[in-house]
Amino acid sequence: MNGTNLIKIALRALANNKMRGFLTMLGIIIGVASVITMLAIGQGSKRSIQAQISEMGSNMIMIHPGADIRGGVRQDASAMETLKLNDYEDIVNETRFVSYTSPTVNSSGQAIYGANNAPTTVYGVSPDYLYIRRYKIQDGDMFTEQDIQTAAKVCVVGKTVVDNLFPGGENSVGKVIRFQKLPFRIVGVLESKGYNSMGMDQDDLILAPYTTIQKKVLAITHLQGITCSALKEEYTDQAIDEITEILRRNHKLKEGADDDFTIRSQQELSTMLTSTTDMMTVLLAAVAGISLLVGGIGIMNIMYVSVTERTREIGLRMSIGAKGIDILAQFLIESILISVTGGLIGVVLGVGAALVVNGVAHFPIYIQPWSVVLSFAVCTVTGVFFGWYPAKKAAQLDPIEAIRYE
Amino acid sequence: MKEIIKLDNIKRDFRVGDETVHALRGVSFTIHEGEFVTIMGTSGSGKSTLLNTLGCLDTPTSGEYYLDGVSVRTMGKNARATLRNRKIGFVFQSYNLLPKTTAVENVELPLMYNPNYSAAKRKEKAVNALIAVGLGDRLEHKSNQMSGGQMQRVAIARALVNDPAVILADEATGNLDTRTSFEILVLFQKLHAEGRTIIFVTHNPEISGYSSRNITLRDGHVTSDMVNTNVLDAAEVLARLPKNDD
């Protein structure tokens, strides 16, 4: 008996029981569709988080003065004065894995222009900061090294600040705004970046030369932090090692002493967030996988019923020359046909459902080709696995008894 | 005449619990090509076991069975399946047609298990077999749209389609009314006249009159084996029977 004949026989048997075949298939359809939809949602949110992190600069490294304990009281990081300008300069000059470096000092307060005012944060940084955080200038220019040298009262503002202070939509470049009584001339406006994955408005900020903020706003000489970017995301660890070495040397820390600074990288955050979404994806896929399993058990159940119901048919086929393997193949092909057809319908439904979720609920989705291939492969395997025992049972029937089975 | 079936001291024992049941206790006979043999016996006589053995569904515990010159006793399951496919045509009491399947598809079935036949050749043979049993006008009827007599004709066509060495009929008229039974007997006699070898297993002694040879079984032994010199013509009897009104 050849394959075409077997498929013909199986199709004929399925055609004789359309409703039952469809209901059996439904288990597989739902299983495959849910696997694909869940993976699409899981992968979609993972990708969207990754995209947001890389917007923020996935190779970013943040250095803060470390938690110090004075008299048993852990001090607030901003109260630390351990990070100095020479730390910044040494990082700029001595590292190989760091591409951009900027000191950071910041201050929150009201920004005022004419009759309008809005609370915001001023970040005292160097021009490198744009490259580290991946901001782009939309209008005007970034302030220059020259402005830093002279502690010029110039600033670059984010979109939210512009919207708040210039509600009429007039050109803000060249205007002078006040922040904590100090006038700042706007030299540039940043391109909007929107909200980040933590819900923070990335456009609600003012960038100014760090020297200006240090001297004229905060009246300090130390730095509140240093922000760097590694050459590439992969070099983050090497960059952190270099920075640690420089800072420990500069701060004259003895071997075995704790760091008086903390270094955090965006990579950590990214790893943490993606591991969370990965876990979510795995959980979703597990739930969906269970429904696929249930679908498979449905196939096995129906195939058992079918074998019992068709015992006489099996007996007849055997007595007119069907070998055990022919009977096995016939029932196996039947269950594979059910599961593969169900799988195909499931793929279509799953992709459709994912698109609906995207369209209606605006969830980010990403349909990975491998998830389609995988779930399809799984349901074929399901067909073989769950079809095997009933088919084996059929093949092992004794034709003498089967033909007279009532 | 060619020997189609040769049984040599066939014994078949079954173990039921702790007891051994001797279903066949040494059966020997030879059937030649073109014979129409009835094998009779009451229930428990061993005729079902004999039928299973003749049909290569079962193998004897001891003794030799040659089907068309081939020794069956030592054959494996698969080899016997192929042997059945090529050499034997079965006709069962309860027809055993596939449900919701057309006459042609039912008749084609044995050829489906023979890779030497193409789809076209299969169909041609099936149609010819159906014409031979007088169902040329019901090729595409499904099994549930046919009467008992028609279904048994389809089953006979199915038994003919592989040009078997022997047709094994197991109570082939058992489920049919008198008139239809005779119609089927007429068909068997016609096939016999065409030179086919037929073994008809039955418990109904009436049928023996229409065959060329009668073998009687009792308690696992052959008790009589006679050539029927006065073969009745089933067609004549059929002509005398009152017509069915329906």
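This is a predicted model: local features need pLDDT of at least 70, side-chain atom pairs count only at pLDDT 80 or more; totals for chains, interfaces and linings use all residues.

Residues are numbered from 1 along each chain as its sequence is written, while chains are lettered from A and ligands numbered from 1 in the order in which they are written.

**Where the chains meet**

Begin by selecting chain A and chain B together. Here 19 residues of chain A are in contact with 22 residues of chain B; contact requires C-beta atoms, placed from the backbone, within 7 Å. On the side of chain A that touches chain B, at least two residues each come from α1 (3-16), α10 (311-319), α11 and α13 (399-403) of chain A. Helices are DSSP runs of H or I with at least four residues, strands are runs of E with at least two, and both are numbered from the N terminus. The largest share of that side of chain A, 5 residues, is supplied by α10(A).

**The nonpolar cores**

Next, select I36(A), V107(B), A157(B) and I199(B). Among the 121 residues of the largest nonpolar core, these four touch the most other members. Such a core is a set of buried Ala, Val, Leu, Ile, Met, Phe, Trp, Tyr and Cys residues joined through C-beta atoms within 7 Å. A residue is buried if 20 or more other C-beta atoms lie within 10 Å of its own, exposed if 12 or fewer, and partly exposed in between, with C-beta atoms placed from the backbone. Helix α2 (residues 18-56) of chain A gives the most to this core, 12 residues.

Stay on I36(A). Leaving aside residues up to four places away in sequence, the residues that I36(A) touches include V347(A), V351(A), I367(A) and V372(A). A second, separate core has 55 residues, including F97(A), V122(A), I148(A) and F184(A).

**Helices to select**

Move to helix α3 (residues 103-112) of chain B. With 10 of its 10 residues buried, α3(B) is largely enclosed by the rest of the structure. Its buried residues pack against α1 of chain A and against α2 (77-87), α4 (119-132) and α5 (148-160) of chain B.

Then select helix α11 (residues 324-361) and helix α12 (residues 369-395) of chain A. Their axes come within 7 Å and cross at roughly 150°. The axes are lines fitted to C-alpha atoms, for helices over the stretch in contact, and angles run from 0 to 180 degrees between N-to-C directions. The crossing makes α11(A) roughly antiparallel to α12(A), a description used for angles over 145 degrees.

**A hairpin in chain A**

Select strand β8 (residues 176-179) of chain A. Which residues form its covered face, and which the uncovered one? The covered face holds I177(A) and F179(A), and the uncovered face V176(A) and R178(A). Strand β8(A) runs antiparallel to strand β9 (residues 182-190) of chain A, joined by 4 bridges; strands pair if DSSP finds at least two bridges between them. The two form a hairpin with 2 residues between them, and Q180(A) in the turn has a positive phi of about 50°. The bridge partner of F179(A) in β9(A) is L182(A). Strand β4 (residues 98-113) of chain A also pairs with β8(A), in the antiparallel sense over 2 bridges.

**The sheet in chain B**

Now select the 6 strands of the open sheet in chain B, whose order is β6-β7-β8-β3-β9-β10 with mixed pairing. Strands β6 (88-91) and β10 (221-227) of chain B stand at the edges with a single partner strand each, so one side of each is left without a neighbour in the sheet. Strand β6(B) pairs in the parallel sense with strand β7 (residues 166-170) of chain B over 4 bridges, and F90(B) stands opposite L168(B) in β7(B).

**Two loop residues**

Finally, select R134(A), in the loop between α4 (128-133) and β6 (137-140) of chain A. R134(A) is partly exposed, with 17 other C-beta atoms within 10 Å, and its phi is near 60°, a positive value in a residue other than glycine. H362(A), in the loop between α11 and α12 of chain A, is exposed, with 8 other C-beta atoms within 10 Å. H362(A) has a positive phi of about 60° although it is not a glycine.

Note on methods:
Two residues are in contact if their C-beta atoms, placed from the backbone, lie within 7 Å. Angles under 35 degrees count as roughly parallel, over 145 as roughly antiparallel, 65 to 115 as roughly perpendicular and the rest as oblique.
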